[in-house]
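User: I am new to this structure and should like to learn how to read it. Could we go through its features one at a time?

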Amino acid sequence: MYMCTSHTRMHAISRVSRAFASRRQSCSAMLARRYKSRKFNTSFDKRDLVTSAPVIAVLDYGIGNLRSAQKALEHLGAKAFLTNQEDLILSADAIVLPGVGSFGRCVTALEDCGLKEITKSAALEASKGGRPFLGICVGLQMFADVGFEETETKGLGSVSYTHLR
């Protein structure tokens, strides 16, 4: 009797899975018929919807998941590039500041590359509704006035808050 019940359940599950599979196929066929009847072009790529890709500068100051951020933006259709050159940063449509590790080390690396002031001005511009600026992880934390992760470290000061840890 137990085997019979188990066998019945397996048969019922098999029927349900076949029904869902045929429903998926019929749904796809229905959508294809609908698009053909309305004379839609179904052979487009989603990236064709973007007429011009935004140019995004990923700040390269030696710390962070720089290449991962660049690849993710490119996957979404943007023209992303790693840079530490001021003229390229100023000409970009948007800026991304990735960061991994501790607050103090990231701010020090940003200063050592000579990018702290331009990053601070770009973040202030974004806070006033200007060019978009995205901070990822510690990159966002560096917007703070000051951080106390290892030692007291002055941040970019573009957002008025204190990063404690």
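**Reading the model**

Analyst: We may begin with the surface. The protein exposes about 11200 Å², of which carbon and sulfur atoms supply 56%; accessible areas come from the Shrake-Rupley method with a 1.4 Å probe, and for residues only the protein chains shown count as cover. This is a predicted model, in which local features need pLDDT of at least 70 and side-chain atom pairs count only at pLDDT 80 or more, while totals for chains, interfaces and linings use all residues. Residues are numbered from 1 along each chain as its sequence is written, and side-chain values use heavy atoms, leaving out hydrogens and water.

User: What does the pLDDT average in the protein, and where is confidence lowest?

Analyst: pLDDT is the predictor's confidence in each residue, from 0 to 100. Where it is low, the predicted coordinates should not be read in detail. The protein averages 76, and 66% of the residues score at least 70. Confidence is lowest in helix α1 (residues 2-37), with a mean of 46, and highest in strand β1 (residues 55-59), at 95. Over residues 1-25 the pLDDT is below 50, and this stretch has zero contacts in the model beyond near neighbours in sequence; a contact means heavy atoms within 4.5 Å.

User: How many helices and strands are there, and how do the strands pair?

Analyst: Helices (H or I, at least four residues) and strands (E, at least two) are DSSP runs, numbered from the N terminus. The protein has six helices and seven strands. Strands of a sheet pair through backbone hydrogen bonds, either parallel or antiparallel; two strands count as paired if DSSP finds at least two bridges between them. Here four strands form an open sheet in the order β2-β1-β3-β4, with parallel pairing. Its edge strands, β2 (79-83) and β4 (133-137), each pair on one side only. β1 and β2 pair over five bridges, and L59 has T83 in β2 as its bridge partner.
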